[in-house]
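Please open the model in your viewer and keep the sequence panel beside it. This tour moves from one selection to the next and says what is to be found at each stop.

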Amino acid sequence: MNISFDLIQDKVEFFEATDLATLEKKINEQIEHNKAILLEVHHVSHQMHVAENGQRFYSAVVHFKAKK
């Protein structure tokens with residue numbers, strides 16, 4: 001039986017929420033989880049969309065890379 005371990009080099013995760021505080025909380029929680037597998041934030045991109053009824057939606061894409 002062979003067991004091999006490959007380190008994750010890159011990981012992209014998507015987040016969405018109806019308010020910025022919730023979005024930030026989700027991202028911060030995932031940052032802490034990814035620290036355990038030796039990943040750090042490389043880049044963050046975010047957007048806001050306003051629906052026809054005026055409700056706002058926030059989304060973010062976070063690119064994690066292996067720590068060097």
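Select Glu32 and Lys35, whose side chains meet in a salt bridge, with N and O 3.3 Å apart; the term salt bridge is used here for a side-chain nitrogen of Lys or Arg within 4 Å of a carboxyl oxygen of Asp or Glu. Both Glu32 and Lys35 lie in helix α1, three residues apart, which is about one turn of the helix. Helices (H or I, at least four residues) and strands (E, at least two) are DSSP runs, numbered from the N terminus. Lys35 is partly exposed because its relative accessible area is 41%, where buried means under 20%, exposed over 50%, and partly exposed in between (1.4 Å probe, protein chains only).

Before going on, please note that this is a predicted model, in which local features need pLDDT of at least 70 and side-chain atom pairs count only at pLDDT 80 or more, while totals for chains, interfaces and linings use all residues. Residues are numbered from 1 along each chain as its sequence is written, and side-chain values use heavy atoms, with hydrogens and water left out.

Next, colour the strands. Three of them form an open sheet in the order β1-β3-β2, with antiparallel pairing; two strands count as paired if DSSP finds at least two bridges between them. The edge strands are β1 and β2, each of which pairs on one side only. From one strand to the next, the twist averages 15 degrees, and for such angles the axes are lines fitted to C-alpha atoms, for helices over the stretch in contact, with values running from 0 to 180 degrees between N-to-C directions.

Now show helix α1 (residues 20-35) together with the sheet: the helix packs on the sheet and touches β1, β2 and β3, and its direction makes about 155 degrees with that of β1. Contact here means heavy atoms within 4.5 Å. Within helix α1, pick Ile27, which counts as buried because its relative accessibility is 13%. Leaving aside residues up to four places away in sequence, Ile27 touches Phe15, Ala60 and Val62.

Which strand does β2 (residues 39-50) join through eleven bridges? The partner is β3 (residues 56-66), and the two run antiparallel; on this pair, select Val41, whose bridge partner in β3 is Phe64. Follow the chain from β2 to β3 and you will pass through a hairpin with five residues between the strands, where Gly54 in the turn has a positive phi of about 95 degrees. On the other pairing, eight bridges join β1 to β3, again antiparallel, and Phe14 stands opposite Val61 in β3.

The structure holds three salt bridges, and another of these lies between the side chains of Asp10 and Lys65 (3.8 Å, N to O). Asp10 lies in strand β1 and Lys65 in strand β3, so the pair ties together parts that are 55 residues apart in sequence. Asp10 is partly exposed at a relative accessible area of 42%, and Lys65 is also partly exposed, at 30%. Select Glu13 as well, which forms a salt bridge with Lys11, the closest N and O atoms being 3.2 Å apart; Glu13 counts as buried at 13% relative accessibility, whereas Lys11 is partly exposed at 24%.
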